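Here is a briefing on one protein model.

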Amino acid sequence: MRFVVLGAGAVGGVLGARLAQSGHDVHLVGRRVHVDAIGAHGLRVLTPDGEDVVRLAAVTDIATLDSLVDWAEVDAVVLCVKSHDTAGALRELARYADSRVPILCAQNGVANEDAALRLFANVYGVLVACPSAYLEPGVVRAYSSPVTGVLDIGRYPHGRDAFAAQVSRVLSGAGYGSEVYPDITAYKYGKLVTNLGNAVEALCGPNARGGNLDRLAMDEARTVLFSAGIHAEFAPVSPLVQVRPVGGERRPGGSSWQSLYRHTGGIETDYLNGEIVRIGRLHGVPTPVNAELQRAANRLAAIGGEPGSVSELDLLRAVVDGRG
């Protein structure tokens, strides 16, 4: 198959490499410093089992890509940008790609598929469970073995079709676990709940993951989704995903932690904790925990703060003060 991977960071970079290694035609679109490194040295993929250097086409924008590909022959565009970059990426893509090209939203959050559906007719949700990292230009790390991760897929907003089944087979052949879900939206809401801890980890460090603040944010989200009549389905943890050190080092943090580490100036929290805040406001349910996490994460990203530099106790106090 012919893929365009839009967003060549941790998930997108590893996925593009694995697809290319299994014989598929892949073009990556990523940030200039990353693309320059890939062009000069190839994409280095570090895993628990060693290192691969994968040569594949990479460009910095879709306008450049337009001169390299025939959009009629592109089988799918895999959207791997962070949710706060989705709208801009889709607008640029729509200038060149046919509206019928399938869009695979391999992203956290639940807003990306709906945004894609405004511009493209065939949209698929992809449930991502791929412990990976992009910490330096030209290098991505995949921390799971023997499979690279799990990428389950379903047509948005619901249903299964032949194309989803085809992509699932391709992903399985590229080293991922993959199932086709008829109600992918429900599973992505479940993933949304578990991703609320991304902000906790980014703000307070990995040791705060699973702590009091994380649990409070998830409990608040379950109340909000129940009040809104939104069904969240929680995918079982796959035994295939076995997280191991890469080069003797454990994964330092998830996607939000990595955004702060690379000082990108943005963070996806508005589409994770902020999504719960939005739904809570629509249905009259207070969300002080997620609102405080959203505020604090945005502030730390804006000032270029370091991940793990905020006290969990201070955040809990801010939640209590806000309630009062």
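The second largest cavity holds about 40 Å³ of space. This is a predicted model, and the structure has 2 cavities of 30 Å³ or more. The largest cavity holds about 70 Å³.

**Second largest cavity**

- The lining consists of Val-110, Glu-113, Tyr-156, Ile-184, Thr-185 and Lys-188.
- Helix α7 (residues 184-195) gives the largest share of this lining, with 3 residues.

**Largest cavity**

- Rolling a probe the size of a water molecule over the atoms shows where empty space is left.
- The largest such space that is a cavity has a volume of about 70 Å³.
- Its lining is made up of Phe-3, Leu-15, Leu-19, Val-78, Leu-104, Ala-106, Val-126, Leu-151, Ile-153, Val-167 and Leu-171.
- By class, the lining of the largest cavity has 11 nonpolar residues, no polar ones and no charged ones.

**Helix α1**

- Helix α1 spans residues 10-21, which makes 12 residues.
- From first C-alpha to last, α1 reaches 17 Å, close to the expected 16 Å.
- Is α1 largely enclosed or largely open? Buried residues make up 9 of its 12, so the rest of the structure largely encloses this helix.
- The buried residues are Ala-10, Gly-12, Gly-13, Val-14, Leu-15, Gly-16, Ala-17, Arg-18 and Leu-19.
- Leu-15 and Leu-19 are among these buried residues, and both also line the largest cavity.
- An α-helix has 3.6 residues a turn, so residues three or four places apart point the same way.
- Gly-23 follows α1 and has a positive phi, near 100 degrees.

**Second largest pocket**

- The second largest pocket has a volume of about 270 Å³.
- Its lining has 17 residues, and those closest to the centre are Ala-111, Asn-112, Asp-114, Tyr-271 and Glu-275.
- The elements that give two or more residues to this lining are α4 (86-94), α5 (112-117) and α11 (273-282).
- The lining of this pocket divides into 7 nonpolar, 5 polar and 5 charged residues.

**Cysteines**

- A disulfide is a covalent bond between the sulfur atoms of two cysteines.
- How many disulfides does the count give? The count comes to 0 disulfides.
- For Cys-80, the closest cysteine sulfur belongs to Cys-130, 9.1 Å away, which is too far for a bond.
- Cys-80 is buried, with a relative accessible area of 13%.
- Cys-105 is in no disulfide either; its nearest cysteine sulfur is that of Cys-80, at 9.4 Å.
- Cys-105 has 0% relative accessibility and so counts as buried.

**Cis peptide bonds and positive phi**

- Most residues other than glycine have a negative phi, and most peptide bonds are trans.
- Ser-145 and Pro-146 are joined by a cis peptide bond, with omega about 15 degrees.
- Ser-145 sits in the loop between β10 (139-142) and β11, and Pro-146 is placed in the loop between β10 and β11.
- Is Ser-145 buried or exposed? Its relative accessibility is 7%, so Ser-145 counts as buried.
- The side chain of Ser-145 makes a polar contact of 3.0 Å with the side chain of Asp-49.
- Pro-157 lies in the loop between β11 and α6.
- Which positive phi does His-263 have? His-263 is not a glycine, yet its phi is about 55 degrees.
- His-263 is found in the loop between α10 (255-261) and α11.
- With 41% relative accessibility, His-263 counts as partly exposed.

Notes: Residues numbered from 1 in each chain as written. Predicted model: local features only at pLDDT ≥ 70, side-chain atom pairs only at ≥ 80, totals over all residues. Heavy atoms only, no water. Helix = DSSP H or I, 4+ residues; strand = E, 2+ residues; numbered from the N terminus. Expected span 1.5 Å × (residues − 1). Buried < 20%, exposed > 50% of the residue type's maximum accessible area, 1.4 Å probe, protein only. 1 Å grid on protein atoms, 1.4 Å probe; cavity = no way out; pocket = protein on both sides within 12 Å on 5 of 7 lines; lining within 4 Å. Points joined across faces, edges and corners; volume = space filled by probe spheres on them. Nonpolar A, V, L, I, M, F, W, Y, C, P; charged D, E, K, R; others polar. Disulfide = S-S within 2.5 Å. Polar contact = N/O pair within 3.5 Å; in protein donor to acceptor, adjacent residues only side chain to side chain.
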